[in-house]
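You asked for a colleague's reading of this model before the next discussion. The points below go from the whole protein to the ligand site and then to individual residues.

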Amino acid sequence: MAKIKTRYVCQICGYVNPKWLGKCPECLKWNTFVEEVEEKVSSKTVSTVTGGKSSSKPVKINSIISNKEERFSTNIPELDRVLGGGIVPGSLILVGGDPGIGKSTLLLQVSSNISESGKKVLYITGEESENQIKMRASRLNINSENLYIYTENNLASIELQIADIKPDVMIVDSIQTMVSPEISSAPGTVSQIKEGTSKFMKISKKNSISTFIVGHVTKEGSLAGPRLLEHMVDTVLYFEGERYNSYRLLRAVKNRFGSTNELGVFEMKNRGLVELENPSKVLISEKPENVSGSVIVSTVEGTRSMLLELQALVAPTNFGYPRRTTTGVDNNRVALILAVLEKVVGIQIQNQDVFINIVGGLKINEPSMDLGIALSVASSFRNIPIDSGIVVTGEVGLTGEIRTVSFIEKRITECEKLGFNKIIIPKGNYSKKFDKDYSIEIIPVTNLRQSISEALGR
Ligand code: TYD
Ligand code: MG
């Protein structure tokens, strides 16, 4: 067998060298060389996009006969929705998340569901032994006929087994443990991850196998292998949440077959992940009564409307610079809102520590949270509780104006359904017919000052 050649490529400028170099002679950057398998591009190269058939001519879009999208369900409606309505055959889905967040658990549950519907599933793991998987499976009550577990990390052997078993769906757990024997670098390095993903991409497109690839997230928060996986796959999902909190969010960051702002909510129980069909109810269930600094906010992610409890604590700074600590919301956004509160409303917080937290360990980056942040800070600062029957939503502008938010009717409906009696919304979203349509009291506001007096009662 001919020896497979590898070469080293600078990831910044593309300079190619047969040996590894510390500094690139072309762009003079350090530590940019990554080992790659040298592939001869010939006229016979098989296209991965067309699944092996070489279609060499441009065609008119009207003459393309597409086989109607035949997605199949994972039997986990939350996941199906995030995927855009189920799994597209032959698609490559990357599931990223911190170690220990529940990726393997989710995918084992998915494997079980799919295999129970009669499809063949191959679960390839380089992280756990057969015994460990079996233990997890018994905990999750999984015993399916069509689910194959393969503990291997050598890509050459894996390729052979895939050809043998011919699964409909395969799971690769995780891409960081897979090793391509042609490449001399250790598993988990950029070269190995790149080679591994491109191999799985080829196999998956060619044989129309839907593939889930697990990718661990680095400390910096990106998928290991500087985002290089993201452009190679069809869909990128992130599984997130606080480790010591049981709620988990599944989010699409890229999706060639659906919208990217869908959100799935799960709870990790001792028998695996369960879907939270009505997350609002659970997330706001612990809201304390008559305590300052806590407020219920309405958010909409994708098609899902959710109510969350937001808490702020404002306390005098004892020493040095005032602290600004946030969990679940964007730090810069908070800095901006605090500046508006100071300048426009006159709330003096320059010598106060401010802590902000979304209850339940969720991370939400939606502008409609702004008003909630501002009001919870004002409530804590003035030590006046916000009534538990109030929900707030609105984006705060730099001059303290309250800007409109999307899907207002969905938000109002959700609040009404959960028995709230007031919702503070941006004036721009208000319409006269709301008073007729809803029984909940709707309070339109134009600026921050007015919102504070509505929410705090003065
Ligand atoms: P895991 O799926 O192994 O995480 P990842 O693959 O993302 O690294 O999940 C590990 C955590 O989930 C572990 O801390 C235990 C917890 N867990 C439960 O709480 N309930 C369960 O039924 C299972 C299987 C795991
Ligand atoms: Mg795992």
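Predicted model: local features only at pLDDT ≥ 70, side-chain atom pairs only at ≥ 80, totals over all residues.

1. Of the contacts in the protein with a separation of 6 or more, 67% are between residues 24 or more positions apart. The protein has 458 residues, of which 49% are buried, and its secondary structure consists of 11 helices and 21 strands. The C-alpha trace spans about 80 × 55 × 55 Å along its principal axes, while the accessible surface amounts to about 22600 Å², with 50% of that belonging to carbon and sulfur atoms.

2. The surroundings of ligand 1 deserve a careful look. There are 16 residues around ligand 1, and those that come nearest are Gly 100, Ser 104, Thr 105, Lys 269 and Gly 272. Sorted by class, this shell holds 4 nonpolar, 6 polar and 6 charged residues.

3. Which atoms of the protein lie 2.7 Å, 3.1 Å and 3.2 Å from an oxygen atom of ligand 1? At 3.1 Å there is an N or O atom in the side chain of Arg 136, and at 3.2 Å a polar backbone atom of Asn 270, whereas for Gly 272 a backbone N or O atom is found 2.7 Å from a ligand oxygen. Taken alone, ligand 1 exposes 550 Å², and the protein buries 77% of that area. The elements that contribute two or more residues to the shell are α2 (103–116), α3 (130–139) and β11 (263–269), and α2 gives the most, with 3 residues.

4. Helix α1 (residues 77–83) contains Leu 79, which counts as buried because its relative accessible area is 1%, under the 20% cut-off. Apart from neighbours within four places in sequence, Leu 79 is in contact with Thr 74, Val 110, Leu 237, Leu 250 and Phe 266. Leu 79 and Ile 349, by contrast, are 270 residues apart in sequence and lie 42 Å from each other in space, C-alpha to C-alpha.

5. The loop between β2 (16–17) and β3 (33–37) includes Thr 32, and Asn 31 is found in the loop between β2 and β3 as well. Are these residues buried or exposed? Thr 32 counts as buried because its relative accessibility is 8%, under the cut-off of 20%, whereas Asn 31, at 62% and therefore over the 50% cut-off, counts as exposed. Once neighbours within four places in sequence are set aside, Thr 32 is in contact with Val 9, Cys 10, Gln 11, Ile 12, Gly 22 and Cys 24.

6. Most residues other than glycine have a negative phi, and most peptide bonds are trans. The peptide bond that joins Asp 173 and Ser 174 is cis, with omega about -5°, and Ser 174 belongs to the loop between β7 (169–173) and α5 (190–207).

7. Helix α11 (residues 448–456) has as its buried residues Leu 448, Ser 451, Ile 452, Ala 455 and Leu 456. Why do they fall on the same side of α11? They cover an arc of only 105° around the axis, and that places them together on one side of the helix. An α-helix has 3.6 residues a turn, so residues three or four places apart point the same way.

8. The two ends of α11 can also be described. At its start, a side-chain oxygen of Asn 447 comes to within 3.2 Å of the backbone nitrogen of Arg 449, and after the helix comes Gly 457, which has a positive phi, near 75°.

Note on methods: Residues numbered from 1 in each chain as written. Chains lettered and ligands numbered in written order. Heavy atoms only, no water. Near = heavy atom within 4 Å. Polar contact = N/O pair within 3.5 Å; in protein donor to acceptor, adjacent residues only side chain to side chain. Areas by Shrake-Rupley, 256 points an atom, 1.4 Å probe, with all protein chains shown as cover. Helix = DSSP H or I, 4+ residues; strand = E, 2+ residues; numbered from the N terminus. Nonpolar A, V, L, I, M, F, W, Y, C, P; charged D, E, K, R; others polar. Buried < 20%, exposed > 50% of the residue type's maximum accessible area, 1.4 Å probe, protein only. Arc of directions from axis to C-beta. Contact = heavy atoms within 4.5 Å.
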